[in-house]
Amino acid sequence: QKFLDKEAQCSDWTVRPLTVQQLEYAALDAAVLPYLLERLLDGSRPTPAGEVCRTHAAARFSVRYALLDPRLEALHLARTPSRVYRVPHGSIRVCMSQRLARQSWSTGADPPGPPELAVREADPQPPLGKATKRQKLRANVKNRPPPVPLSSIRSHLDNLPRPGTFAGYTKESCVCSVIDDQYSDTTQTYIGFNRKSAIVQSENAWILFVNFCGREAEYREKFLCGDRQMVFTMKKPDAFIERGMLTFLVERGEKAPVDREKQVLLFARPGTRSKFVFCGRCACAQMTARGNGATDLLLDLLDFEQLIEEEDYKRAFAKMNESLENVAGVS
C-alpha cells in the first residue's frame with residue numbers, strides 16, 4: 001500500500017509549467033484507477049482489458065461538452081429576460097470564466113439534444129403562512145432575472161462618470177455606472193460577478209474597489225505623491241482575473257500611448273457607511289511582490305486633475321484620511 005498525497009489536488013493547475021509534485025500526482029491519480037476498479041469488482045483475480053465494460057454495461061456512459069457563447073447568451077437574455085438555457089441530461093458549469101454545458105448519458109442510448117434557450121417556467125407559489133428569513137431569501141433568488149456574466153458586458157469607456165463623484169453604496173451600483181445602459185436596470189437583468197472580490201472584470205475593463213475602513217493588516221492601501229498615486233494590494237495575484245489584469249498592466253507599461261480598448265477603473269470609499277467615489281482610470285507605475293504571496297501595485301490616478309475638483313471627492317477624501325490615520329494609530 002502507498003499513501004496518495006492529495007495536497008496537490010487543491011493547487012492552482014492553471015499556472016504553467018506544472019510543478020513536479022503536480023505531475024507526479026496527475027500520473028498516480030490515473031494509474032491507481034485500474035487497481036481501485038479491480039478491488040471494487042472482485043479483487044481475487046486480474047480483470048482482462050475490456051471485460052469490465054462488456055460485463056458491466058451500466059459503467060459505460062458518454063460525455064459531451066458545449067461552449068456557450070457569452071455574447072450571444074447576453075444578447076438573448078437582454079431581449080427576453082424570461083429565457084434561460086435548458087441542458088437535457090446535464091447542467092451549466094463555469095471553468096476559467098468560460099460557461100460550458102456538460103451532458104452525460106448511457107452509452108448506446110439516444111444522445112440528448114443540444115443546449116437551447118427556453119422560456120423560463122413560472123415559479124411555484126410560496127406556501128401560505130409566515131415565511132422565514134431563509135425562505136424569503138430563497139424566494140428573492142428564484143424571482144430575480146437570470147444572470148448575465150459581467151465578463152460578457154462592455155464598459156462604456158468613452159462615457160464614464162465624472163471622476164470624483166459618488167457612485168453608490170454597493171459594488172453593483174458602481175458596476176452599473178460604467179457598463180452599457182441596457183444592463184443598468186437591475187430589476188430586468190441580474191449581473192453575475194463576485195460581489196466579495198476587490199477586483200471584477202467586464203469585457204473591456206477591470207474594476208477595483210477599495211474600502212479604507214476595517215481593512216486587514218496585510219493590506220496597505222494608501223495615497224502617495226500628493227494623492228496622485230495609490231497603493232493597491234492584490235492578495236491573490238495568481239487568480240484568473242488578477243493574473244489577466246497584471247498581464248495587461250505589464251504590456252501597457254511597455255507602450256507609450258494609453259490603450260483605449262481596455263482600462264483599469266478605481267472606486268474607493270472611507271468605510272461601509274459611505275458611498276463609493278469613482279476615482280477614474282488607473283495605470284501601474286510599479287509592482288512589488290511580498291513574502292506572503294501578495295503583490296502591491298503603485299497606481300497612477302490618470303484623472304487626478306478632474307478628481308480633486310469635485311466636492312464629493314473632497315468630502316470623501318477627508319474621511320479617507322481620517323480612516324488611514326485611525327488605522328495607523330491602531331497599528
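Buried residues are those under 20% relative accessible area, exposed residues are over 50%, and partly exposed residues fall in between (1.4 Å probe, protein chains only). The legends below concern a predicted model, in which local features need pLDDT of at least 70, side-chain atom pairs count only at pLDDT 80 or more, and totals for chains, interfaces and linings use all residues. Residues are numbered from 1 along each chain as its sequence is written, and side-chain values use heavy atoms, with hydrogens and water left out.

**Figure 1. Overview of the protein chain.** The secondary structure comes to 9 helices and 15 strands; helices (H or I, at least four residues) and strands (E, at least two) are DSSP runs, numbered from the N terminus. Of the 331 residues of the chain, 33% count as buried. Contact means heavy atoms within 4.5 Å. Among contacts between residues at least 6 apart in sequence, 63% join residues at least 24 apart. The accessible surface of the chain comes to about 20,700 Å², and 53% of this belongs to carbon and sulfur atoms. Accessible areas come from the Shrake-Rupley method with a 1.4 Å probe; for residues, only the protein chains shown count as cover.

**Figure 2. The aromatic cluster of F209, F267, F276 and F278.** Rings of Phe, Tyr and Trp (its six-membered ring) pair if their centres lie within 6.5 Å; planes under 30 degrees apart count as stacked, over 60 as edge-to-face and the rest as tilted. A search of the whole structure finds 5 aromatic pairs. The rings of F209 and F267 are stacked, because their centres are 6.0 Å apart and their planes are at 20°. F209 lies in strand β10 and F267 in strand β13, so this pair ties together parts that are 58 residues apart in sequence. F209 is buried at a relative accessible area of 3%, and F267 is buried at 0%. F209 also pairs with F276: the ring centres are 5.6 Å apart and the planes at 65°, so this pair is edge-to-face. The pair links distant parts of the chain, with F209 in strand β10 and F276 in strand β14, 67 residues apart. F209 and F276 are both buried.

**Figure 3. Helix α6 and its cover.** Helix α6 spans residues 171-178, and its buried residues are K171, C174, V175, C176 and V178. The elements covering these buried residues include β7, β8 (190-192), β9 (199-201), β10 (205-211), β13 (263-269) and β14 (276-289).

**Figure 4. H156 and S151 in the loop between β6 and β7.** H156 is buried, with 16% relative accessibility. A polar atom of the H156 side chain lies 2.7 Å from the backbone oxygen of I179. Leaving aside residues up to four places away in sequence, H156 touches S177, V178, I179, D180 and D181. S151 is found in the loop between β6 (147-149) and β7 (166-168) and is partly exposed, at a relative accessible area of 37%. With residues up to four places away in sequence not counted, S151 touches Q201, S202 and E203. From C-alpha to C-alpha, S151 and V200 are 8.5 Å apart in space, and they are 49 residues apart in sequence.

**Figure 5. A nonpolar surface patch made by F61, V63 and Y65.** Like charges are joined within 9 Å, and nonpolar side chains (Val, Leu, Ile, Met, Phe, Trp, Tyr) within 5 Å. This patch has an area of about 320 Å². V63 is found in strand β1 (residues 61-67) and counts as partly exposed at 36% relative accessibility.

Definitions and conventions: Polar contact = N/O pair within 3.5 Å; in protein donor to acceptor, adjacent residues only side chain to side chain. Patch = residues over 30% accessible without salt bridge, like charges linked within 9 Å, V, L, I, M, F, W, Y side chains within 5 Å. Salt bridge = Lys/Arg side-chain N within 4 Å of Asp/Glu carboxyl O.
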